Each structure stands twice: as C-alpha cells, then as structure tokens.
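Dear colleague,

I am handing over the structure we spoke about, and below it you will find my notes on what was found. Please read them alongside the coordinates.

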Amino acid sequence: MASGSEKFGNAEFVVIANRLPVDRVTSPDGTTTWRTSPGGLVTALEPVMRRKGGAWIGWHGAPDEKLRPFTHQGLKLVPVHLSESEVVEYYEGFSNGTLWPLYHDVIAPPAFHREWWDAYVTVNRRFAERAAKVAAEGAIVWVQDYQLQLVPAMLRELRPDVKIGFFLHIPFPPTELFQQLPWRREILEGLLGADLVGFQLNGAAGNFIRLVRQRVGHKTHRDSVYLPDGRVVRAKAYPISIDARGFEELSRDPAVVARAAEIRESLGNPTTIVLGIDRLDYTKGLRQRIRAFGELITAGSVHPDDAVFVQVATPSRERVDQYRLLRDDVERLVGRINGDVGRIGRQAITYLHASYPREEMAALYRAADVMVVTPLRDGMNLVAKEYIACRYDERGSLVLSEFAGAAGELKQAYLVNPYDINGMKHAMLEAIKAGPKEQGRRMKALRKQVMENDIDQWANDFLVELAPETHTKRMRPSHER
C-alpha cells in the first residue's frame with residue numbers, strides 16, 4: 001500500500017465518484033484486503049488510468065473512518081472521509097431522498113430538507129478539495145453522477161487549469177419537475193463548472209440546456225452554453241454501455257453453461273424461463289411486472305408447468321424506510337400469487353432477494369428464454385444489454401420498458417409501457433410464444449447494437465470530446481467494423 005496524498009499529487013487523469021471501485025473483504029482470520037468492485041465503469045476507465053497515471057477519488061464505504069491514499073492492483077485510490085451523519089444526510093438524504101425520486105419522474109415524492117442540502121454542499125466541497133490536491137497541472141478530471149453535481153464548479157474555482165467532464169448516470173428531469181428543487185440554480189451552476197456535461201439521452205441534455213437558459217439566464221445555442229467569462233460548456237448525450245465482449249466470453253465459459261443447465265433443471269425444466277434482475281428500487285416496476293405475469297398464469301394464458309418467472313431483487317438502501325416497505329410489498333405479492341397458482345414443488349414465481357457474482361448472473365442470462373426489464377424510469381439499464389451480450393446463440397427475447405434509456409438503442413426488443421398491465425401481458429405472451437426465427441431476427445439486430453457500442457467506446461467518445469488534444473479516438477480492428 002502507498003501512503004500519503006503527496007504520492008498522488010500528479011495524476012493526469014482523475015475520476016471522482018461517490019464510491020471507490022473496490023470493496024473491503026474480511027478474511028476468517030480478521031485480516032482485510034480489497035477487491036475490485038464489479039461494474040463496467042472501472043473496466044472502461046482502468047486502461048486510461050494506467051496509461052495516464054490516473055487516480056480515483058471516492059468514499060470507501062465505512063462511515064467515521066479515515067484512510068490514507070493507497071494503491072490496489074496498480075490503481076491509485078484516494079479515499080474521502082464521510083461521517084455517519086453525512087452518510088445519513090448527504091447520501092441517504094439529499095442524494096437518494098431528494099434527487100433520486102425527483103430525477104426519476106417523482107415516482108416517489110422527494111423530500112426537501114435544508115440540513116440535507118447543507119450536508120450535500122459540505123461533502124461535495126470535500127471531494128472537490130481532494131481532487132484539487134491530486135490533479136496534475138492541466139489534468140483531465142471526470143466527475144461521475146448525481147451525488148456530486150456541485151463538484152465541477154467548486155473544482156474550477158480551486159483549479160481553473162484542469163479540464164472537467166461530468167456524466168449523469170441517471171435521468172435528468174424535465175423543467176416542470178426540476179423546478180420543484182429549492183436549490184435548482186445552485187445545481188445548474190455546479191454542473192456549469194464542467195467543460196462537458198454528459199447525459200444518457202438527447203432529451204436530458206435538452207432539458208439541462210433549457211433550464212440553464214430559463215433559470216440562470218445564460219445564452220445557449222443547440223448543445224452549447226455561453227458563459228459571461230467567455231467559457232463554453234457543452235451538454236450532449238453519451239449512452240453508456242457494458243463490457244460486451246467480457247460478458248459474451250463469460251457466458252461461453254463451460255462452467256457457466258453447465259450452471260445454466262443446472263438452473264433450468266432446478267426449476268423443473270420448464271419450456272420457458274422468464275427472468276427479471278434488478279436492484280430492489282421503486283423505479284424498477286417490480287410490482288407491475290410480477291402482477292402481469294401472475295395474471296397470465298391465473299387467466300390460463302400461460303401454464304405454470306410450461307413457464308416460470310425468476311425475479312432477482314438485489315438488496316438496496318436497506319436502511320431507508322421506503323425500500324423496506326417495497327420489499328415487504330413485493331414479497332407479499334409473490335407469496336399471494338404462488339399461494340393461488342403454485343403447487344407443491346413448483347412455484348410460479350421464484351423470488352430471490354440477494355446479490356450474485358457476475359458468473360451466476362451470466363448463467364441466469366443463459367438459462368432465461370425471456371428477459372423482462374420494465375422500469376418505470378431508468379437512465380439506461382445495463383441489465384438489458386448484459387442479457388443481449390450473453391446470447392451468442394441469437395436466441396431469447398427481451399421485453400423492455402420504453403421509459404428505460406436503453407429503449408432508444410434496443411428497438412428490436414418488445415417495447416412496453418410498464419404502467420399498462422394489459423399491454424405488458426400482451427408483450428410478455430408474445431415474447432414467450434416467439435419461435436426461433438423471430439427470436440433470431442430480433443436478437444441479431446440487438447446484438448449488433450450492443451457489441452458495436454460497448455463501454456470502451458462510450459468512454460472514448462466522451463474523453464475525445466472533452467480533451468481531443470490529449471485523447472485519441474480508439475479505432476476498431478478491421479474485423480470488428
């Protein structure tokens with residue numbers, strides 16, 4: 001382990017995210033080590049960080065603990081301290097009790113508490129100050145997501161020499177909803193500290209430009225904001241993706257193929273396995289999806305001997321009341337449906353409230369005939385793309401919410417309005433009954449989109465736009481084009 005922030009004061013490429021890309025692992029003898037977190041972002045940015053001598057700034061996950069900067073597998077990691085009260089007010093409070101519901105169409109009512117906002121300002125300043133010490137002269141700094149929207153302006157004030165990019169991984173709301181936020185101007189001005197502000201969709205970038213014009217009063221033209229000091233800020237869409245080839249390789253692994261067969265066997269080898277994999281969150285549309293499948297079974301449109309539904313709900317924000325209530329609600333709904341239509345040894349719905357490693361996820365994707373991804377609102381939804389990447393056999397069907405960012409790219413999915421239970425039932429039934437030819441036609445087009453637009457391409461597109469003089473666009477090998 002390296003120690004002392006002076007060892008990290010010359011990073012030419014700095015990533016700032018709420019969390020570090022590592023998880024702490026405690027072994028049986030009590031010693032602790034770090035392991036790289038699963039997720040596409042670190043996969044995409046790791047080569048750039050290694051090439052440019054980069055550093056990653058983020059919270060390490062334990063409140064009230066201060067850690068010195070350290071290296072993990074050659075990556076420079078700079079922990080940011082959060083107190084227990086800051087975790088409650090900045091993270092659980094303002095980030096996830098105010099911004100998260102507001103940015104997701106107010107599916108749940110956001111709460112506006114001044115002490116949460118104060119904590120958000122304090123923590124954002126701490127991240128900005130840490131970045132100002134770590135970044136080399138003229139460095140590229142890439143700030144990630146909704147928890148850190150004030151960092152760009154704070155960092156620019158401290159270090160006007162650096163190039164700053166910001167990417168929002170969740171939706172950005174329309175003007176009518178965003179204007180509810182008491183601190184709307186401060187958030188907009190915070191984001192305007194960046195040179196380039198990235199969103200998942202063109203509509204989100206348009207919302208931001210419109211709000212800046214209306215609420216801050218700056219001149220705008222198309223994707224550009226013209227600031228009084230002569231600086232130009234651009235706001236554009238960069239739809240995020242996954243490590244598509246990594247998922248395909250994983251799904252071809254003999255152990256994963258064997259595990260997929262084992263999963264089918266354990267479910268009684270039904271004709272069709274319908275799969276949902278989501279974080280347990282009120283934005284994901286779990287109730288509507290489970291209800292739709294339950295009604296198909298109850299009406300006799302699908303027989304429980306022929307089709308089973310597997311819903312994986314990864315634990316999420318378990319300390320927040322809203323999430324505990326959602327879990328209880330979903331579990332009651334699953335229990336009622338299984339009580340009505342299940343039989344001994346055969347449940348219509350298998351509900352798993354647990355986290356699984358990538359290998360198990362890949363096996364589930366390989367085992368599933370129909371993937372159901374029906375959020376009420378989602379920035380992108382990478383599960384849909386992971387499923388597609390794992391279907392190298394060009395089989396399987398994807399039922400996808402038109403309110404997921406991915407719907408703009410994955411046009412060959414069965415697109416649904418998740419609020420329309422009858423429409424969702426119709427699409428699920430169509431996907432279940434689709435023959436090999438129809439599955440192949442759709443999946444081939446979906447795979448072309450996902451394999452050609454992977455997370456590496458996403459990161460490159462953003463960084464080329466942010467700093468063209470220091471970052472050259474990756475060229476695909478000729479066999480990939």
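In these notes two strands count as paired if DSSP finds at least two bridges between them, and helices (H or I, at least four residues) and strands (E, at least two) are DSSP runs, numbered from the N terminus. This is a predicted model, in which local features need pLDDT of at least 70 and side-chain atom pairs count only at pLDDT 80 or more, while totals for chains, interfaces and linings use all residues. Residues are numbered from 1 along each chain as its sequence is written, and side-chain values use heavy atoms, with hydrogens and water left out.

On the sheet: strand 13 (residues 272–279) pairs with strand 16 (residues 370–373) in the parallel sense over 2 bridges, and strand 13 is also joined to strand 14, again in parallel, by 8 bridges. V274 has V370 as its bridge partner in strand 16 and stands opposite F309 in strand 14. These strands belong to an open sheet of 6 strands with parallel pairing, in the order 15-14-13-16-17-18. Strand 15 (349–352) and strand 18 (414–416) stand at the edges with a single partner strand each, so one side of each is left without a neighbour in the sheet. Neighbouring strands of this sheet are turned by 20 degrees against each other on average, direction ignored, where axes are lines fitted to C-alpha atoms, for helices over the stretch in contact, and angles run from 0 to 180 degrees between N-to-C directions.

Helix 14 (residues 421–433) lies across strands 13, 14, 16, 17 and 18, and runs at about 170 degrees to strand 18; contact here means heavy atoms within 4.5 Å.

Leaving aside residues up to four places away in sequence, T175 touches N207, R210, L211 and Q214.

Which residues lie nearest the centre of the second largest pocket? They are P171, F172, L201, A204 and R377, out of 16 lining residues. A pocket, on a 1 Å grid over the protein atoms alone, is an open set of points where a 1.4 Å probe fits, with protein on both sides within 12 Å along at least five of seven lines, and lining residues have an atom within 4 Å of a point. Helix 7 (residues 202–216) gives the largest share of that lining, 3 residues.

Best regards
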